[in-house]
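My entries follow in the order I made them.

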Amino acid sequence: MAAQHYTDAGTAPRVVLRFLAAPTDVNWGGKVHGGIVMEWIDEAAHVLATRWTGDVRNVAVYAGGVRFYRPLRIGHLVEVEARLLHTGTTSMHISVPVRSGDPATTELELTTHGLIGFVPLTPDGHAHAVRAWVPVSDEDVALEAHALELVALRGAVERRSRTTPEGCARDGAGTGWSGARAVSHVARSSDADQGRVRPRRRSRRPRRPSRPRRG
Ligand SMILES: CC(C)(COP(=O)(O)OP(=O)(O)OC[C@H]1O[C@@H](n2cnc3c(N)ncnc32)[C@H](O)[C@@H]1OP(=O)(O)O)[C@@H](O)C(=O)NCCC(=O)NCCS
């Protein structure tokens, strides 16, 4: 991510949130808590997704690659910029650099960067097709290629994680993103490892009445 160029040369849709880091945002070391910064990343991406779709019903489907470059100080001016990198069938892939600095100066430094994916929802909570965005500038094209490269990498990692404990591939198709199968498999094997496997239930079939003995 650090090797990518995120400048004003891009024409991608973007939103910028600006505010002061509040005393309530503090961590045990006196700086801004990392979880709070991730919340800001999520919020900025949500605003961008809402603007792009024109609808507030959208949710994060993944958040990855959050890099904390330097601490963010309480009282500093914070700028959280969400920028659209790529649209898939239903997903919006959004880059969010966070910059901050002393409000008495105009200098802001990059403190954190995150990538996050959002999906618009139908009223009944299913993924909805998203309006396609077409990159225009060279920078937009390069950043979309970067986003697609990360999608491919995540797909490869998820497919690798769908393995049995013996390392044999479980899902021969290897398509799609759903990790549900891998998760349920992990849950089953960890239950077994910890002796939480339920005893086999007895059949509820009523027993046949035993024949009366012949005298
Ligand atoms: C959003 C939701 C309804 C979509 O479910 P779904 O129909 O099964 O769809 P999937 O999750 O498989 O995929 C939806 C999109 O996300 C993308 N996606 C999923 N996991 C991804 C990952 N790890 N990296 C990149 N993209 C990913 C898929 O590729 C797909 O995009 P595409 O259509 O452009 O190819 C469901 O995932 C959900 O409810 N998630 C919980 C959302 C939530 O509560 N978020 C936190 C609070 S906001």
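**Entry 1: Y69.** I looked up the contacts of Y69, leaving out residues up to four places away in sequence, and found L110, T111 and T112. I count a contact when two C-beta atoms, placed from the backbone, lie within 7 Å. Y69 sits in the loop between β2 and β3. Helices here are DSSP runs of H or I with at least four residues, strands are runs of E with at least two, and both are numbered from the N terminus. Y69 has 14 other C-beta atoms within 10 Å, so it is partly exposed. My cut-offs are 20 or more other C-beta atoms within 10 Å for buried, 12 or fewer for exposed, and partly exposed in between, with C-beta atoms placed from the backbone. I also checked Y69 against V98: they are 29 residues apart in sequence, and their C-alpha atoms are 9.8 Å apart.

**Entry 2: ground rules.** The model is predicted, so I note that local features need pLDDT of at least 70 and side-chain atom pairs count only at pLDDT 80 or more, while totals for chains, interfaces and linings use all residues. Numbering starts from 1 along each chain as its sequence is written.

**Entry 3: overall layout.** I find 3 helices and 5 strands in the protein. From the N terminus the order is β-α-β-β-β-β-α-α. Of the 215 residues, 22% are buried. Among contacts with a separation of 6 or more, 70% come from residues 24 or more positions apart.

**Entry 4: the sheet.** In what order do the strands of the open sheet lie? I read β1-β3-β4-β5-β2, with antiparallel pairing. I call two strands paired if DSSP finds at least two bridges between them. β1 and β2 are at the edges with a single partner strand each, so one side of each has no neighbour in the sheet. Neighbouring strands are turned by 20° against each other on average, direction ignored.

I then went through the pairs.
- β1 and β3 are antiparallel over 7 bridges, and R18 is opposite E79 in β3.
- β3 and β4 are antiparallel, joined by 8 bridges, and R83 is opposite S95 in β4. A hairpin of 4 residues connects these two strands.
- β4 and β5 are antiparallel, with 9 bridges. The bridge partner of S95 in β5 is L115.

Is β4 enclosed or open? I count 9 of its 10 residues as buried, so β4 is largely enclosed by the rest of the structure.

**Entry 5: E81.** This residue lies in β3. E81 has 18 C-beta neighbours inside 10 Å, so it counts as partly exposed. Setting aside residues up to four places away in sequence, E81 touches R14, V16, A44, V96 and P97.

**Entry 6: helix α1.** I compared the span of α1 (residues 34–53) with expectation: 20 residues at 1.5 Å a residue should give 28 Å, and the end C-alpha atoms are 29 Å apart, which agrees. The expected span is 1.5 Å times one less than the number of residues. Buried in α1 are V37, W40, I41, A44, A45, L48, A49 and W52. An α-helix has 3.6 residues a turn, so residues three or four places apart point the same way. The cover over the buried residues of α1 includes β1, β2, β3, β4 and β5. Just after α1, G54 has a positive phi of about 70°.

**Entry 7: helix α2.** The 24 residues of α2 should span 34 Å, and I get 35 Å between the end C-alpha atoms, which agrees. D140, L143 and A147 are buried in α2. What covers them includes β3 and β4. α2 lies across β2, β3, β4 and β5, at about 75° to β3. Axes are lines fitted to C-alpha atoms, for helices over the stretch in contact, and angles run from 0 to 180 degrees between N-to-C directions.
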